[in-house]
Amino acid sequence: HNEQIGEGVYFGILLALLLYNFAVMISIREASYVYYVVYALAFALLMLSFSGYGFEFFWPDSPQWQNLSLPISLALLLASSVSFARTFLNLKEKVPLLGKLALLALPMAIIFGVLACMPKMLMPATIALNVSLIVFSIIITLGGILSAVRGYRPAIYFMLAWSLLMLGGVALLSSFGLLPRSLMTEYGLQLGSAAEMLLLSFSLAHRITLLRNENTRIELDARINLEQRVDQRTEELAEIARQLREANQR
């Protein structure tokens with residue numbers, strides 16, 4: 001019962017963040033919010049499949065979907081997480097090479113997701129998706145570090161949230177006997193992912209605020225520059241008029 005209460009709190013946090021950010025996405029129509037909503041949805045589906053609660057409560061009569069739900073959720077997670085990180089970290093401008101590499105995540109997720117639907121390819125495709133997640137996690141980590149070093153402030157918040165998820169992922173090593181089993185290692189992924197989702201939600205809001213402030217500053221600078229040019233042009237016209245008057249007098 002205690003375990004189910006904890007899992008209920010975890011999925012409740014994911015659901016609340018999903019609904020909140022979905023409402024914000026509808027309101028401001030920012031691409032990063034779209035990726036975040038799909039990312040949260042994919043992670044919730046992954047945890048439902050991995051824990052068995054999905055099969056117990058949502059699709060008990062469909063063992064075939066239970067087999068497919070894990071690779072499908074992994075494919076969605078790969079595509080959405082990398083797309084979200086690429087947009088949030090502005091890798092296209094901050095780290096162009098890693099930004100181009102990140103674009104490969106979407107076609108790879110589609111290819112492996114489709115292959116997973118073939119019975120003989122289910123296990124190889126699932127393994128390939130796991131390997132792809134590890135590879136692109138390294139790319140995202142490097143992109144976040146380089147963006148932060150180059151002065152992109154939102155990257156700092158992203159790396160803090162991303163580190164919590166990575167620490168939670170390390171806890172899975174207890175399943176292979178590489179770490180002692182404890183409450184933290186048993187539920188490390190849930191704790192890390194919930195903390196990451198919360199921090200990413202706050203980071204998204206902060207990033208939008210920074211972008212709006214930057215746009216306001218650019219508009220203000222443009223207005224000031226325009227006024228200065230108008231004043232300068234007015235002075236030039238006044239000087240020309242003075243010279244014409246003097247010429248007429250002469």
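Before I come to the pair of helices for today, a word on terms: axes here are lines fitted to C-alpha atoms, for helices over the stretch in contact, and angles run from 0 to 180 degrees between N-to-C directions, while helices are DSSP runs (H or I, at least four residues) numbered from the N terminus. Please keep in mind that this is a predicted model, in which local features need pLDDT of at least 70 and side-chain atom pairs count only at pLDDT 80 or more, whereas totals for chains, interfaces and linings use all residues. Residues are numbered from 1 along each chain as its sequence is written, and side-chain values use heavy atoms, with hydrogens and water left out.

The axes of helix α4, residues 63-88, and helix α8, residues 122-149, come within 10 Å and cross at roughly 20°. That makes α4 roughly parallel to α8, a label given to angles under 35 degrees. On the α4 side, the contact (heavy atoms within 4.5 Å) is made by residues including L74, L78 and S81, and on the α8 side by residues including L129, F136 and I140. By class, this contact has 13 nonpolar, five polar and no charged residues, where Ala, Val, Leu, Ile, Met, Phe, Trp, Tyr, Cys and Pro count as nonpolar, Asp, Glu, Lys and Arg as charged, and the others, Gly among them, as polar.

Staying with α4, S81 lies in that helix and is buried, with a relative accessible area of 8%, buried being under 20% with a 1.4 Å probe and protein chains only. Leaving aside neighbours within four places in sequence, S81 is in contact with Y39 and I140.

Conventions: Helix = DSSP H or I, 4+ residues; strand = E, 2+ residues; numbered from the N terminus. Parallel < 35°, antiparallel > 145°, perpendicular 65-115°, else oblique. Buried < 20%, exposed > 50% of the residue type's maximum accessible area, 1.4 Å probe, protein only.
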